[in-house]
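Q: Please take a close look at a single part of this structure and walk me through it slowly, as I am new to it. I would also like to know how that part compares with other parts and with the whole.

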Amino acid sequence: MNAEPNYLNANLKFSPNAIPSGKLAWRSPSNIALVKYWGKKSVQIPQNPSISFTLSKSFSETEVSYSPAVSGKSEVEFYFDGKRNLLFEEKTAGFFDGLSSIFPFVNQLKFEIHSKNTFPHSAGIASSASGMSVLAMVLCDMERQLFGTLQEEADFRRKASYIARLGSGSASRSVFGGLVIWGEAEDVSGTSDYYGFPVNEGVHEMFADYQDTILLVDAGEKKVSSSLGHGLMNGNPFAADRFHQAHGNLTALLQAMRSGDTEAFIRISESEALTLHAMMMTSQPYFLLMKPNTLQIIERIFAFREKTGLPVSFTLDAGPNVHMLFPTTIKEDVKRFIDNDLLSFLSPKGYIEDEVGKGPEKIL
Ligand code: PMV
């Protein structure tokens with residue numbers, strides 16, 4: 001078990017007459033889990049390890065201006081897509097309040113935050129993963145610039161992942177590029193319940209730029225928040241078996257990705273997606289997050305794979321959209337398949353052609 005890093009640090013505070021002003025900006029991507037995190041213990045500790053691909057084109061871009069607070073506690077003004085957003089403001093203020101013993105300087109500052117996503121938010125594309133990881137990057141970058149700490153890149157990323165996790169569990173994985181595990185996996189040393197850990201070494205090269213085309217079945221608001229969903233696992237009669245299963249699936253999936261076994265990759269990742277939805281269907285109250293068109297698409301993916309022998313598969317997040325996963329080498333075949341057979345099942349927003357990406361980027 002990797003011990004929890006101790007990030008409590010009363011020294012990260014400005015002297016009252018030297019509170020700075022400044023501006024910085026980061027871009028941070030969403031990620032798509034292959035073995036799912038669904039169910040947590042206290043303080044954002046997962047019930048099982050999860051593994052995801054960090055995406056490239058689905059990201060949040062967030063610019064943060066800071067200046068001395070007038071009230072003596074942190075003040076947040078949040079603009080989303082250019083408009084003041086009170087819901088995000090309240091969430092971010094709550095997040096910052098919770099971090100006051102890790103980053104005491106947040107209480108001394110007023111933050112003006114301007115954020116936008118390249119994808120529809122709350123549509124089952126993990127907007128909390130990009131949104132929370134981008135804030136974590138910003139806070140750790142402020143610490144690095146203003147206090148001179150976190151100079152080692154590995155320390156910087158680890159702390160950013162720890163902080164991102166406190167905002168949203170899956171966000172801990174977005175801090176790194178490629179394939180990332182969050183949660184202690186028995187046979188992968190370096191993994192932790194407290195932060196994400198990239199596991200790209202030794203993985204078959206085809207996965208380095210694997211494609212994820214996100215088919216937007218319903219780009220509206222999702223009906224069940226993930227915190228409600230995680231909570232429902234506490235009473236789910238299959239929970240213990242599910243948590244146990246995830247450990248085995250993670251080991252087998254990583255093995256398949258190392259050897260380039262696409263058949264096993266497909267079998268395990270599709271089963272994980274259906275299990276996530278099965279957990280929601282067997283909770284009390286129960287939720288159906290797929291739409292009829294979600295199933296139409298899945299059945300067509302099965303038929304296409306059967307007919308062509310091409311390694312196209314799907315995964316799902318906690319919503320109705322379908323993530324189609326496939327190697328770059330068959331991109332043209334898949335595009336033709338989508339345009340010919342799937343467009344009628346999509347919302348007017350269509351689809352997003354994403355792929356595995358390198359992780360957050362500093363833009364200012
Ligand atoms: O990070 P949260 O609390 O929004 O939970 C994310 C849960 C899933 O997206 C459904 C699965 C996962 O591992 O990302």
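This is a predicted model: local features need pLDDT of at least 70, side-chain atom pairs count only at pLDDT 80 or more; totals for chains, interfaces and linings use all residues.

A: Helices (H or I, at least four residues) and strands (E, at least two) are DSSP runs numbered from the N terminus, and the expected span is 1.5 Å times one less than the number of residues. Residues are numbered from 1 along each chain as its sequence is written, and side-chain values use heavy atoms, without hydrogens or water. Local features need pLDDT of at least 70 and side-chain atom pairs 80 or more, whereas totals for chains, interfaces and linings use all residues.

Arg 144 lies over the face of Phe 156, at 3.8 Å from the ring centre, while the charged end of Arg 165 is placed over the ring of Tyr 162, 4.9 Å from its centre.

Helix 6, residues 239-259, can be read in a similar way: its 21 residues should span 30 Å at 1.5 Å a residue, and the end C-alpha atoms, 30 Å apart, agree with that. Here the buried residues are Ala 239, Arg 242, Phe 243, Ala 246, Asn 249, Leu 250, Leu 253, Leu 254, Ala 256 and Met 257. Seen down the axis of helix 6, these buried residues fall within an arc of 155° (taken from the directions from the axis to the C-beta atoms), so they line one face of the helix. The face turned away from that buried side carries the exposed residues Ala 240, Asp 241 and His 244. The cover over the buried residues of helix 6 includes strand 1, strand 4 (50-68), strand 8 (179-182) and helix 7 (262-281). After helix 6 comes Gly 260, whose phi is positive, near 75°.

Elsewhere, Phe 314 lies in strand 11, residues 313-316, and is buried, with a relative accessible area of 0%. Leaving aside residues up to four places away in sequence, Phe 314 is in contact (heavy atoms within 4.5 Å) with Ser 269, Glu 270, Ala 273, Leu 274, Ile 298, Ile 301, Phe 302, Val 322 and His 323. One of these, Ala 273, is 41 residues from Phe 314 in sequence, yet their C-alpha atoms are 8.0 Å apart in space.

Taken as a whole, the protein has nine helices and 14 strands, and 56% of its 364 residues count as buried. Its C-alpha atoms fill a box of roughly 70 × 45 × 40 Å along the principal axes. Of the contacts between residues at least 6 apart in sequence, 75% join residues at least 24 apart.

Definitions and conventions. A charge sits over a ring if NZ of Lys or CZ of Arg is within 6 Å of the ring centre and within 35 degrees of the ring normal. Buried means under 20% relative accessible area, exposed over 50%, partly exposed in between (1.4 Å probe, protein chains only).
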